[in-house]
Amino acid sequence: MKYVALVYYQESIINNMTEQEWHDLNQECIAGVEKLTSQGKFVTGQPLQPIDTATTVRVRDDEVLISDGPFAETKEQLAGFYLLDANDLNEALQLASRIPPARFGSIEVRPARELPPKD
Amino acid sequence: MTIASRINALYQTESRRVQATLIRLLGDFDLAEESMQEAFAAAVKQWPEQGIPDNPAAWLIKTGHRRGIDHIRRRQTARDNLSRVAEDEPYTPEPDTDHIDDDLLRLIFTCCHPSLAIEAQLALTLREICSLTTEQVASALLQKPTTTAQRIVRAKRKIREANIPYEVPERKELPQRLQSVLKVVYLIFNEGYSSSEGNTIVNISLAGEAIRLATLLAELLPDGEVFGLLALMLLHDSRRHARQDANGELITLEDQNRALWDQEQIRSGLAWLARALELTPAAPYTLQASIAAAHAKAATASDTDWARIARLYQALYQRQPSPVIALNHAVAVAMRDTPEEGLKLLDQLAGHKAIQSYYLYHAARADLFRRSGDLAGARTAYQRALTLTQQGPEQRYLSRRLTALDSA
């Protein structure tokens, strides 16, 4: 069953890291993804650029509204996502707990939904 | 014993186990409950003629399973979807009825899954494991029945849609998951032990449910903290007849008539504590039970081993550094040494925001001021405590203490 793991953390924590610490964190994540892939658990995923590169798009009354920044200001910011293939929620939670930023951020785990067949 | 009363007795002792297994076999809470009821109804009809089977639980499970499968097939046929269960499949494999105890554990761990909101865990546990009706759960938790019903429906839906598996956690996850279960059990006990809005202090039946649940857990999962929690609840509950007077007024531990303590329950609590001490002597519930035991063993209030209690609170604080535990430690020190020593420790807690709004903190200070002769200090502290409590008996108790100061 597919689960999305949305990785959130306070960007200030990253900003306060040394180059070495940031490098090491990334290497940990790379190793983590390799392990998940070899276990057949990793479907796809991507880290994201920082929140100040975000743009939000809304369409209201046929008008395309573009604004700077994330959809909402939040205490922790979305940093990346994983699409995992796990047997059940317990396994998904276990896998999510091993994502390195879980140590200082929050990982939201939610089951993916299949769209109904096309009409 | 007539067959009908035998079936009744079986319902009391076995219906939870049967349902727990049916949930595993059928993969659905509501269907399992429906099938379980139908199985018992079938027993009422068939056993008078066929006689009671050698293994009644297995018979009920097999019958419930068959009924459940029938329901599933009928639903699927109605939806015109025959791909999941072939029409011509004649054979329903014999269900595994040997691991009934495991199924009960599965049910407990699923109802107390940490990904469910705590209120949902409470309601689900009371409904599915303690077999209370939704109305009874609502009444016990002081909720509107519709709120409780919605919570339970949503919880079952989350279990289904997020695919929370019906399993006992793996060994390495067990300690943490067991903590969730024990938390729910203790919450149930405390919901029953005091009703913060109402006028009565003890709702006896919820405390009984929690004790029953912990006893079941102790049989299924012999873990030190399970024994510790069970001991703690038994020892607390043993004082239930002494905690209120005939008018429902609060009586503190010091003033309780110890002849009203349930000695049978104390014996039972101490026995479970002994088993807990063999396994987890320094774990939180075991420590709390040890403290309760120190009180239970004192024939009169002045026989209380306060030195031991102070040591135990100190050990507990190491594990759970909460201001409330520090408060209790300070009171124990005051009783062991002097009120002034206790007040000194309480002053150290003054900075904690949470403790300032905790009425027992101010009540404790008031009591120690009174014992040390500072009546003005006592008065102020009791008045502060009064502003922080809403429960009838506790308010009246504080008022009485306040009035008593004037005649001191």
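In chain A of this predicted model, four strands build an open sheet, running β2-β5-β1-β6 with antiparallel pairing. Strands here are DSSP runs of E at least two residues long, helices are runs of H or I of at least four, and both are numbered from the N terminus; two strands count as paired once DSSP finds at least two bridges between them. The edges go to β2 (42-47) and β6 (106-111) of chain A, each with a single partner strand, so one side of each has no neighbour in the sheet. From one strand to the next the twist averages 15 degrees, with axes fitted as lines to C-alpha atoms and angles taken from 0 to 180 degrees between N-to-C directions.

Looking at one pair, β1 (residues 2-9) of chain A joins β6(A) through six bridges, in the antiparallel sense. Here A5(A) sits opposite V109(A) in β6(A).

Helix α2 (residues 19-38) of chain A covers 20 residues and spans 29 Å from first C-alpha to last, close to the expected 28 Å, which is 1.5 Å times one less than the number of residues. The number of buried residues among the 20 of α2(A) is one, so this helix lies largely in the open; buried means 20 or more other C-beta atoms within 10 Å of the residue's own, with C-beta atoms placed from the backbone. After α2(A) comes G40(A), with a positive phi near 75 degrees.

Chain B splits into domain 1 (3-84) and domain 2 (316-408), with bounds from an automatic or database domain assignment. Taken over C-alpha atoms, the centres of these two domains of chain B are 56 Å apart.

Residues are numbered from 1 along each chain as its sequence is written, while chains are lettered from A and ligands numbered from 1 in the order in which they are written. Because the model is predicted, local features need pLDDT of at least 70 and side-chain atom pairs count only at pLDDT 80 or more, whereas totals for chains, interfaces and linings use all residues.

Methods. A residue is buried if 20 or more other C-beta atoms lie within 10 Å of its own, exposed if 12 or fewer, and partly exposed in between; C-beta atoms are placed from the backbone.
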